[in-house]
Amino acid sequence: MTNTYDFGLVGLGVMGRNFILNVADNGFTAFGNDLDSEKVDALIKEGGNTKKVNAATDVKTFVSALGTPRKIMLLVPAGKIVDSVIENLLPFLNEGDIIIDGGNSFFTDTDRREAYLKDKGIHFFGAGVSGGAKGARKGPSIMPGGSKEAYQHVKPIFEAVSAKYKGEPCVAYLGPKSAGNYVKMVHNGIEYGLMQLTSEIYDVLKKAGRLTNTELHQIFAQWNQGRLQSFLVQITSDILAQKDDFTEADLVDMILDKAKQKGTGKWTSQNAMDLGIPVPTIDIAVSMREISALKDERILADGLYDTPSPEPLEKDTLVSKTEKALFFAFIMAYAQGMHQLADASKEYGYNLDLGEIAKIWRAGCIIRAALLADITEAFKENSRLPNLLLSPAFVDKVKETVGAARELVGYGATNGIPLPGLSSSLTYFDAYTSSRLPLNLIQAQRDYFGSHTYERLDRKGVFHTEWEK
């Protein structure tokens, strides 16, 4: 077979098939590989049996079909499968060939694989891809990191297939090593937070406003025309209008309230703790998925305790407050994620450009939102901004909306409506903007029982007190 294909892709599930067809749509030839012959046949059929798209189950045939340096992207589940695919490819690769992991691999795995393949003369880098199956087909946000030299070979393809925001491609080289996978991990952590916050606001509107799904659909659709414009608000509106195929009910009311997870939110939370960066909105979003899994226990507990009947609120007032509170909390979720990226950049030597990251998130990805244009500008004005809350551009936005968040958190506590994401966002804000916290007492306690010492306000040095003398 002649080496004529520009791009190779292993893993022809929905994401992989859509991505490779996107590559072909944008003027490049692409060859796919999958062990499942049905997926191979499906790709060839969907590609219209043209010379632009082809596929095979055999690895040797696949690799031989690619022009050099070979550019091979993996869209397979994270973990051991990635290592297995790499080992299957290696016997047929030449020095200078490029492997790209487009899955949600844990960032330390990417560092390990890059070092392993570098010794063999093979370039390897991670490239987070966000946008789901539709994004892969029509234009995702792509977050590559690793070898800058290797990326240059793939850059024209990635820029062509990525989503566009006002004509600009939503892809950029982010940094060395596992920078791409790390940024995608934090992207997903923010995604967890935004989804949890949106679900809580939906719950308040339903319980406090007694609103129908039709009314909720209209409210979210209206919000999507304003400052809350975002992919998640948009699809929430769509979901609330969807009828069930099996009953006369709305589909959303028939879905079991147990949310699953694939681990990226948990990784974000765990790594933030390793770095010492507070991301409570993301933390609680992960915890709520875990609580949701305890369905049987929740049913039992519901029967043991009295829950207040929510006091109804006037509809227009409620809609106004929830819009402000959700906007406030969205800012907190992005602020926490960007703070984590800033610290990780220093810790792992990524040298991330946070403005560039916000820029490539403006279209294509799951957390795309109008707010990201403001975040891009904030970091453009101050590339070393440690936290969005310190940006003059965000001070007025927060001041105008934090009051509504306070009122809703108070309402939820009084009326038995759990609002952990909103509460955590508010607590984060109050703690971050407090010049004096009660942690002086904790330092005294630590010194009392463990002689861990403490610092003082009035003089430099480290001190210890014999508390029990």
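**Exercise 1. Between which two elements does the loop that holds P69 lie?**

Solution. P69 sits in the loop between α3 (59-64) and β4 (71-74). Helices (H or I, at least four residues) and strands (E, at least two) are DSSP runs numbered from the N terminus. The model is predicted: local features need pLDDT of at least 70, side-chain atom pairs count only at pLDDT 80 or more, and totals for chains, interfaces and linings use all residues. Residues are numbered from 1 along each chain as its sequence is written, and side-chain values use heavy atoms, with hydrogens and water left out.

The bond between T68 and P69 is a cis peptide bond, with omega about -10°. Most residues other than glycine have a negative phi, and most peptide bonds are trans.

**Exercise 2. Locate K177 and N351, and state the phi and exposure of each**.

Solution. Begin with K177, in the loop between β9 (168-169) and α8. K177 is not a glycine, yet its phi is positive, about 55°. Its relative accessibility is 35%, so K177 counts as partly exposed. Buried means under 20% relative accessible area, exposed over 50%, and partly exposed in between (1.4 Å probe, protein chains only).

Next, N351 lies in the loop between α14 and α15 (354-360). N351 also is not a glycine and has a positive phi of about 55°. With a relative accessible area of 68%, N351 is exposed.

**Exercise 3. Are Y192 and K262 buried or exposed?**

Solution. The UniProt annotation "binding site" (unreviewed entry) covers residues including Y192, K262 and R289. The annotated residues span 349 residues in sequence and the farthest two C-alpha atoms are 48.8 Å apart, so they do not all gather at one spot.

Y192 belongs to helix α8 (residues 179-209) and is buried, at 3% relative accessibility. K262 lies in the loop between α10 (231-240) and α11 (264-275) and is exposed, with a relative accessible area of 83%. Leaving aside neighbours within four places in sequence, Y192 is in contact with residues that include K262 and R289.

**Exercise 4. How do helices α12 and α18 pack?**

Solution. Helix α12 (residues 280-292) and helix α18 (residues 420-432) pack at an angle of about 160°, their axes 8 Å apart. Axes are lines fitted to C-alpha atoms, for helices over the stretch in contact, and angles run from 0 to 180 degrees between N-to-C directions. The two helices are therefore roughly antiparallel (angles over 145 degrees count as roughly antiparallel, under 35 as roughly parallel, 65 to 115 as roughly perpendicular and the rest as oblique).

From α12, P280, T281, I284 and M288 meet P420, G421, S424, S425 and Y428 of α18. The contact residues divide into 5 nonpolar, 4 polar and no charged. Ala, Val, Leu, Ile, Met, Phe, Trp, Tyr, Cys and Pro count as nonpolar, Asp, Glu, Lys and Arg as charged, and the others, Gly among them, as polar.

Methods:
UniProt positions renumbered as here; feature names shortened; annotations may be inferred. Contact = heavy atoms within 4.5 Å.
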